[in-house]
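Please look through the sequence and structure shown here, and then read the short briefing that comes after.

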Amino acid sequence: MSSNNWSRRLSGQVTRKDTGKRIREEVEVSESVTTSGYGFPSAAAALYPSCVQLTLCHYICDVACLSCPVGRLSRGDPEAYAQWEKDGAKRLFMPWPVFEKAAHETGQHPESFLRFHARGEPTLHPHFVDMIAYAKRVGVTTVQVFTNGRSMDETLARRTLEAGLDVIEFSVHGHTHTYETLMGNDRFEQVVENVLRFVSLRDEQKKPTRVVVSAVDQPGFQPDKQAYLQFWTARVDEVILRPYHSWGGRIPHESARQPAQRHPCPQLWTRLTVGPTGKVLFCFNSWDEDESEVSADLMGPAVTIAGVWQSERYAQARAAHLAGDYTLRCCAQCTDWVGSSWGPNSYEALLRKLRGQSTTGCG
């Protein structure tokens, strides 16, 4: 992407599947691109988000991670409890119709991926495996999920692989000396066994599923950091150290050093988050789904993800970021933007690498 100031008009022809028919859509989209190259990673991404994030679980999890608001609530943290009340004091699973609508539309856009993400443990959703299978059946090119690995026993691993999952990321925060403190349980050996079994079954069945292991790079992790990297790098396809962030101010900690100049958030150009009831959110940190941070209700009449993504309201939010105006509530309060990566360091680029695709232009 050019380093000069410019505006461009993206004209794209998108071929998609709909009830067995091939449909050509002619779309023109105007977007500004800054001197630093912020903008859509491709013409297709201007029409539909590169990543659609589905909040399968809201405040439902079976571990108690120190780096997560849900985990802190499970630990009995009074500040986490107060935040939970602000977020509605509810525990929710995403209903099937919300998932179905998002998956079906994403299946019509082969350059986009579907991610089961945030606010809880996706494998606890009663339709977890069915959701993977359905998404693949309706044409979703890449389905990626997060899990803490505790529930991934042999039965679930076999069912998950059979459903056709493309990428799984095991969140294993800590190693031999730090896991129990950071994840609030003593199941380290069980989780390691579960991850290694998953890899073994994947290889045995010759499935293309890629396996990632990640940890939040928080202060309490440092004593085990090198041992962790050495252990997992030799056993899985990719190891990630994620930045320690506050989940929109829900976790009190010393923020990463803030650069003198803030950059626009890539979320607005690459990812769209659907909350547990179908609310389309500007930011995955909008757990309370305040009206100012909700761009649409996916279950509303004639509402589509593509329509929301190309809407005037989204265009205004992007233009504000490009102008250095961060007045949207979730943006004004944000200290986590430092960890949001553009280009080759983005998760989109990692997925393309894992799937054997070119990373050129990823945002």
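In this predicted model, glutamate 289 has a relative accessible area of 16%, which is under the 20% limit, so glutamate 289 counts as buried. Glutamate 289 lies in the loop that connects β12 (279-281) with β13 (294-297), and although it is not a glycine, its phi is positive, at about 50 degrees.

**Another positive phi in a loop**

- Most residues other than glycine have a negative phi.
- Lysine 206 is a residue other than glycine with a positive phi, near 55 degrees, and its place is the loop between α8 (188-204) and β9 (210-216).
- Lysine 206 has a relative accessibility of 74%, and because exposed means over 50%, lysine 206 is classed as exposed.

**Strands β9 and β10**

- Strand β9 runs parallel to strand β10 (residues 238-242), and the two are joined by five bridges.
- In this pairing, alanine 215 stands opposite leucine 241, which belongs to β10.
- Together with helix α9 (residues 225-233), the strands β9 and β10 form a β-α-β unit that is right-handed.

**Helix α14**

- Helix α14 covers residues 347-354, and because six of its eight residues are buried, the helix is largely enclosed by the rest of the structure.
- The buried residues of α14 are Tyr347, Glu348, Ala349, Leu350, Leu351 and Leu354.
- After α14 comes glycine 356, which has a positive phi near 75 degrees.

Definitions and conventions:
Residues numbered from 1 in each chain as written. Predicted model: local features only at pLDDT ≥ 70, side-chain atom pairs only at ≥ 80, totals over all residues. Heavy atoms only, no water. Buried < 20%, exposed > 50% of the residue type's maximum accessible area, 1.4 Å probe, protein only. Helix = DSSP H or I, 4+ residues; strand = E, 2+ residues; numbered from the N terminus. Pairing = 2+ DSSP bridges. Right-handed = clockwise from strand over helix to strand, strands pointing away.
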